[in-house]
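Me: I am new to this structure and would like a friendly tour. Could you show it to me first?

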Amino acid sequence: MVHATSFLLVLSLAMVAPVLSTKKCVLTGRWVNDLGSNMTIMAVNEKGEFLGSYHTAVTATSNEIKVSPLHGSQHRTNKNSQATFGFTVNWSFSDSVTVFTGQCFVDEDGKEVLKTMWLLRSNVDSIKDDWKATMVGINVFTRLRPKKE
């Protein structure tokens, strides 16, 4: 009886595992990161290109934060894997640009997650200040769900 139960457990796991792994992360939609910044990615075209907007929750400038445009590209050659992507945000309120690169995943709980790394390039007055012009960091984005009424 123990052998039959073990066999049935292994068989059921083997049948369910492919279903769980086939859920793909979809890049389009609204996202929020670990710092509270919001991003919207519009439809990805057949070339993998997309547009969107980014509203940061953090800044090093005293300027009023404004929604900024983003332009990106998603790698589309392997339709069976989770998408890799990159995008640039040209900040509307400062003389800086940030580039993000990352991958779209579905976690163990079935939630979509964007794991990203970024480089922020700020404008500096002279080449002597170049050493402090670029910052690097990571962000994790999760899908922003609509509020229930």
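This is a predicted model: local features need pLDDT of at least 70, side-chain atom pairs count only at pLDDT 80 or more; totals for chains, interfaces and linings use all residues.

Me: In what order do the elements of the protein run from the N terminus?
Reply: Helices (H or I, at least four residues) and strands (E, at least two) are DSSP runs, numbered from the N terminus. From the N terminus on, the order is α-β-β-β-β-β-β-β-β.

Me: What share of the residues of the protein counts as buried?
Reply: Buried means under 20% relative accessible area, exposed over 50%, and partly exposed in between (1.4 Å probe, protein chains only). The protein has 149 residues, and the share that counts as buried is 28%.

Me: Is Gln74 buried or exposed?
Reply: Gln74 sits in strand E4, residues 68–74. Contact means heavy atoms within 4.5 Å. Leaving aside neighbours within four places in sequence, Gln74 is in contact with residues including Val44, Phe50 and Phe85. Its relative accessible area is 13%, so Gln74 is buried.

Me: Which residues touch the most other members of the largest nonpolar core?
Reply: A nonpolar core is a set of buried Ala, Val, Leu, Ile, Met, Phe, Trp, Tyr and Cys residues joined through side-chain atoms within 4.5 Å. In soluble globular proteins, nonpolar side chains tend to be buried together. Here the largest such core has 20 residues, and those touching the most other members are Met39, Tyr54, Phe87 and Leu114.

Me: Which elements give two or more residues to this core?
Reply: Strands make up the list. They are E2 (38–41), E3 (49–55), E5 (84–90), E6 (96–106) and E7 (112–122).

Me: How many salt bridges does a search of the whole structure find?
Reply: A salt bridge is a side-chain nitrogen of Lys or Arg within 4 Å of a carboxyl oxygen of Asp or Glu. One joins Arg143 and Glu112 (2.5 Å, N to O). Another joins Arg121 and Asp130 (2.6 Å, N to O). The search of the whole structure finds two.

Me: Is Asp130 buried or partly exposed?
Reply: Its salt-bridge partner is Arg121, which has a relative accessible area of 38% and is partly exposed. Asp130 has 35% relative accessibility, so Asp130 counts as partly exposed.

Me: How far apart in space are Val26 and Val44, C-alpha to C-alpha?
Reply: Val26 lies in the loop between helix H1 (2–21) and strand E1 (29–33). With a relative accessible area of 42%, Val26 is partly exposed. Val26 and Val44 are 18 residues apart in sequence, and their C-alpha to C-alpha distance is 9.6 Å.

Terms used
Residues are numbered from 1 along each chain as its sequence is written. Side-chain values use heavy atoms; hydrogens and water are left out.
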